[in-house]
Amino acid sequence: MENRSQWGTRLGFLLAAMGSAIGLGNIWRFPATAYENGGGAFFLPYLFALLTAGIPLLIMEYTIGHKFRGSAPRSYSKVSKGMEWIGWWQVAVSFIISTYYPVIIAWAIMYSYFSFGQSWENSESATAFFTGDYLNLSEPGVFGEFLPSVLLPLIAVWAIVLFVLGRGIKKGIEVANKIFIPLLAVIFLIIVVRAVTLEGALEGLDAFFAPDWSSLRDGSVWVAAYGQIFFSLSIAFAIMITYASYLPKKSDITNNAFITGFANSSFELLAGIGVFAALGFLASQNSQEVSEVVAGGIGLAFMVFPEIISQMPLSGLFGVLFFGSLVLAGLSSMISISETYIAGVQEKFNVSRGKAIAFGGGLAAVISLAFANQGGLFLLDTVDHFINSYGVALAGLFEVVAIAWFAKELKNLQKHADSVSDIKLGVWWRVCLSFITPVVLGYMMIQNLRAEIIGTVNDEGTRVFYEGYPIDFLFNFGWVVAIAAMFAGALFTLKKWPKN
Ligand code: LEU
């Protein structure tokens with residue numbers, strides 16, 4: 001495409017890529033994952049995963065996008081015809097994620113508001129407020145009524161996202177990230193400084209950094225490190241290929257990948273420190289052990305943090321900052337997730353950007369309403385689990401194997417990256433992508449599948465599967481959704497590319 005949109009500045013691209021990488025995964029996923037997988041010792045597998053898979057793959061995706069200058073399916077199709085399907089599969093995975101990711105941002109918006117009056121204090125506990133007063137939770141598979149207090153902020157999130165996307169790459173995505181990311185960094189620094197100066201913060205940090213070296217012998221710890229790096233760096237989502245396709249011809253690739261990777265990990269470390277300092281404070285206030293208050297994900301943000309906020313001096317302000325940071329980190333990631341299919345649809349169907357946004361974004365927005373009801377939380381949790389394990393990780397495995405082994409494209413890509421970058425790639429880069437990454441991802445897939453299919457036996461002696469949810473619910477909204485993404489990918493490849 002001749003008139004492909006471009007980033008205005010290198011910083012603009014970097015901020016957008018960082019904005020994609022730095023998301024909910026950094027704030028609520030990393031701290032608990034590190035803690036549960038060896039604490040201080042986790043940094044070893046984490047660093048190993050970053051250097052052997054995270055950054056090499058990021059370099060690969062940046063190079064593919066930059067060299068072929070197209071959305072993920074378009075760029076892959078130029079590597080080899082057969083690869084187009086993997087691109088659409090990744091786009092479909094991103095599409096599905098974009099139907100529930102904004103729901104969490106919508107909750108965070110409401111919680112910024114709730115923080116002022118600490119609405120949860122009238123309830124038995126913050127957990128009871130979240131699951132009862134706010135979400136009015138039903139059973140898994142029972143969707144009940146729509147919740148206006150989720151629906152309205154969700155519509156607001158979509159309005160912002162579609163507005164930013166509608167303004168294009170330079171005037172929309174770049175400008176938004178130039179505002180969001182510095183603002184997020186400032187807010188987050190304030191939160192962390194405040195958290196580490198709280199009473200009990202040191203106990204929290206002790207718990208976070210205490211190394212359990214024996215964990216390094218456990219395969220699942222290494223799998224967790226790779227999983228975290230993949231999700232956190234937005235790799236194998238079609239995102240980074242799409243973003244890199246808007247880079248001007250003369251752009252450094254390798255350096256940009258290192259900067260993005262290290263910025264993302266620094267933010268992750270900062271989040272770990274902030275979150276555990278705050279958990280240490282909560283534990284000390286309640287005369288509990290840190291291990292008793294640790295949580296990750298939705299539980300950490302919407303059940304544990306409100307408790308921390310209530311007990312803090314200037315609690316309303318801290319609450320607004322904390323949930324505000326979730327909103328900013330989430331929005332910049334959400335924009336990047338949606339851009340994957342906007343770019344793909346625009347190129348494949350030869351339609352204007354506006355039309356692609358209306359169809360793609362519009363459809364995702366309508367589907368996302370399915371999460372704004374009383375059963376939305378269970379649905380979100382299930383779709384997220386399956387799409388990450390059997391969408392992102394599996395498509396990532398297909399991606400590296402196809403590039404390294406079938407298309408044998410690594411040497412060409414290396415030549416391209418080296419021709420524009422300061423840092424030259426060595427044989428280490430090809431070794432990481434041809435051997436280490438596929439082996440670890442393959443092992444990860446087998447481990448995940450085994451756990452999924454075997455399940456666990458509960459106290460009553462019954463075999464249960466993911467979160468103990470009903471089997472038909474897991475089938476319909478877990479397996480079917482993950483497999484549908486694969487088929488949707490195949491379907492899109494049937495249509496021919498327009499000639500231009
Ligand atoms: N990297 C993002 C995060 O850490 C997620 C991705 C799907 C955009 O939350």
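Me: What percentage of the 500 residues in the chain is buried?
Reply: Buried residues make up 60% of the chain. The model is predicted. The cut-off for buried is under 20% relative accessible area.

Me: Why is Ser-112 called buried?
Reply: Its relative accessibility is 13%. Buried means under 20%, so Ser-112 counts as buried. This serine lies in helix α5. Leaving aside neighbours within four places in sequence, Ser-112 is in contact with Val-320, Phe-323, Gly-324 and Val-327.

Me: Why is Glu-36 called exposed?
Reply: The relative accessible area of Glu-36 is 57%. Exposed means over 50%, so Glu-36 is exposed. The residue is found in helix α2. Its C-alpha atom is separated by 9.4 Å from that of Val-294, 258 residues along the chain.

Me: How do you know whether the radius of gyration of the chain agrees with a compact globule?
Reply: With 500 residues, a compact globule would have a radius of gyration near 23 Å. The chain has 22 Å, and therefore agrees with the rule. Along the principal axes, the C-alpha trace spans about 65 × 50 × 50 Å.

Me: What is the secondary structure of the chain, and what share of contacts joins residues at least 24 apart?
Reply: The chain has 20 helices and two strands. Take the contacts between residues at least 6 apart in sequence: 84% join residues at least 24 apart.

Me: What makes up the largest nonpolar core?
Reply: This core has 179 residues. To belong, a residue must be buried, be of a nonpolar type such as Met, Trp, Phe or Tyr, and be joined through side-chain atoms within 4.5 Å. Those with the most contacts inside the core are Met-60, Trp-107, Phe-130, Tyr-134 and Phe-302. Helix α5 (residues 84-117) gives the largest share of the core, 20 residues.

Me: Which residues does Met-60 touch?
Reply: Not counting residues up to four places away in sequence, Met-60 touches Glu-399, Val-400, Ile-403, Leu-410, Leu-413, Trp-429 and Leu-433.

Me: What makes a space a pocket, and how much space lies in the largest one?
Reply: A pocket is an open set of points, whereas a cavity is one where a 1.4 Å probe fits but cannot get out. About 1,600 Å³ lies in the largest pocket. It is lined by 45 residues, and the closest to its centre are Arg-29, Asp-384, His-385, Ser-389 and Tyr-466. Helix α17 gives the most to this lining, with ten residues. By class, the lining has 23 nonpolar, 16 polar and six charged residues.

Me: What is the volume of the second largest pocket, and what lines it?
Reply: Its volume is about 280 Å³. There are 14 lining residues, with Phe-95, Val-345, Gly-360, Leu-363 and Phe-492 closest to the centre. Helix α5 gives the most here, with four residues. The classes are twelve nonpolar, two polar and no charged. Gly counts as polar.

Me: How many cavities count, and what is the cut-off?
Reply: Two cavities have 30 Å³ or more. The largest cavity holds about 120 Å³. Of its 14 lining residues, Ser-20, Tyr-101, Phe-231, Ser-234 and Ser-333 are closest to the centre. That lining divides into seven nonpolar, seven polar and no charged residues.

Me: How do you know that the second largest cavity counts?
Reply: Its volume is about 40 Å³. The count takes cavities of 30 Å³ or more. The second largest cavity is lined by Phe-188, Ile-191, Gly-274, Val-275, Phe-305 and Phe-322. By class, that is five nonpolar, one polar and no charged. Helices α8 (169-196) and α12 each supply at least two of the lining residues.

Technical notes:
Residues numbered from 1 in each chain as written. Predicted model: local features only at pLDDT ≥ 70, side-chain atom pairs only at ≥ 80, totals over all residues. Heavy atoms only, no water. Buried < 20%, exposed > 50% of the residue type's maximum accessible area, 1.4 Å probe, protein only. Contact = heavy atoms within 4.5 Å. 1 Å grid on protein atoms, 1.4 Å probe; cavity = no way out; pocket = protein on both sides within 12 Å on 5 of 7 lines; lining within 4 Å. Points joined across faces, edges and corners; volume = space filled by probe spheres on them. Rg over C-alpha atoms; globule rule 2.2 N^0.38 Å.
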